[in-house]
Amino acid sequence: MNLLIVDDEYLVVEEVVTVTDWELLGITEIYSATNAVSAVRILNEKKIDIMICDIEMPQTDGLELSKKAKENFPDLEIVMLTSHAEFNYVRNALRYGCYDYLLKPVMEDDIIKVMKNLVTKIERERHQAQLQEEGIVWNQLKPVWKEKYWEEMLRGLRDDPNRECEEYEEKQWKEEQDRRLIPILFYQYANDKTEEDIKQTRKKVKEDLGTVAGDFLLPVLSQKEFAGLVFISDEWLSSGTERNGIILKDAILQQFKTERLYEKIGICIGEVCTGREVQSMVDKLRQFAWNNVCSRRQILDIINMPKNSEAIGMPDMTLWKAYLDNGKTVELQDKIRKWLWGKDNEAKLNRRALQMLQYDLEQLFYSTLQENGIQAHQFLYDRENGCNRVTAIGSLEEMDAWIEETMGAVSRIMQDVSNLSGIREQTIYYIQTHLDEELNRIKVASALYLNPDYLDRRFKKEMGCSVNRYILREQVNMAKGLLLNQKISICEIASRCGYENMSNFSAMFKREVGISPNEYRKNGGMESPDL
């Protein structure tokens, strides 16, 4: 399912995106918008199933956006974000067709509860509509019913007490619940795998399981996950249930290791359980795999899942600021890597620990950058880089790469700002290569991730003029050179100098040169004799 998050505060959007593992809730694509106009555009361009929308936004507020969205997209489910728990807000939201509301700041438990119920509702309605539309009778459905049953079971669609079942389906359902099986979770390591990649991997899993197990299914959980349900046959059960279940599990593990299947896809294997217990077991496997940041390219066994949340000591950051201020980023990275990869934390670190480390580092980077006149928020969150800060908490390797890339970028820009000529050269280069745009000191400072006032002071100290004055001077010099070429129209010259309005360009030129562009051209480049 596709989710759209709408809030005029960027950090709130990011908080909602990172607060939980959305794939566990059935969400595969997440889009974001910071205003109603952007939200409407995304709704028109993408197939959005659920919209989480802030009530209070400038211009068009969340309630008005929700009203219009429901009118145009009746199947859209909406959850409101609000800082107010008053009944009037809730009543208005529900009146406009909203499913529920969440209070800020958003807590993980609250969003899991609301979204799990909502996703279940949507999928149940779609499934019922599909059956009704296709008019499939039981005898036609039976060959595919079994796999569909387990997909529904694992995704929570059969927990609904109001779900109606035919008598023959109910009987089959109870028989499936009494079966004993070994559940396995297969999950994608990276986001760069295509649908065809997953299809081929699933085919390989089917071949490998077929060599050791006679009766099994591979129900799909999401675009990036599928389960393996290996049923223990009556012959196995009659000769010693639990022991033979363990032998079968060992055979499966050995087959996967022999074929090195874990190099292509993540594998997490559970304990022998009944059909009634399998949903809970698969949920544990998904949580175990999601929280595993230490063991990539290995087969995870649920028996090794930590029984209790063991306290993880965060690294001592006392001297980190001094290392960063003195340009000792290599030494600082070494200290962080010792904590990440050290034996003290071997197999203990989880997503929460990596997220806390990331928060601490970002605060360190933020304060250091701000102290040096750099627009920290823009530099850390808006610049393009090769590492995704959101996915960095998914593994030690990704976190290590994010730290190296971000710390390197912080080190480079701090070296640049400490060098007067470096700032001057970057500023001049940017201006000269963007003269055909509307330029000012704010835009130049933004491109260099610097505070505009700080940039102006440093540039003026080196060049003897402000950034805006230098821009104006370069525009005039460019215009003078172009005006000598009779083949180029004055309108085009204005555009090349960053002016969309011809009148504004002419006024600027006359103010600076003393004569109009036309007069300058007629005089062959001679300025006013009074100047």
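Start by selecting phenylalanine 459: this residue is buried, with a relative accessible area of 1% (buried means under 20%, exposed over 50%, partly exposed in between, using a 1.4 Å probe and protein chains only). A quick note before moving on: this is a predicted model, where local features need pLDDT of at least 70 and side-chain atom pairs count only at pLDDT 80 or more, while totals for chains, interfaces and linings use all residues. Residues are numbered from 1 along each chain as its sequence is written, and side-chain values use heavy atoms, leaving out hydrogens and water.

The structure holds six aromatic pairs (rings of Phe, Tyr and Trp, the last by its six-membered ring, pair if their centres lie within 6.5 Å; planes under 30 degrees apart count as stacked, over 60 as edge-to-face and the rest as tilted).

Tyrosine 470 is buried, at a relative accessible area of 4%.

Next, pick Tyr499, Phe505, Phe509 and Tyr520, which form one aromatic cluster.

Finally, go to aspartate 54, buried with a relative accessible area of 4%. What does aspartate 54 touch, not counting residues up to four places away in sequence? Select Val6, Asp7, Asp8, Gly62, Met80, Leu81 and Lys104 (contact means heavy atoms within 4.5 Å).
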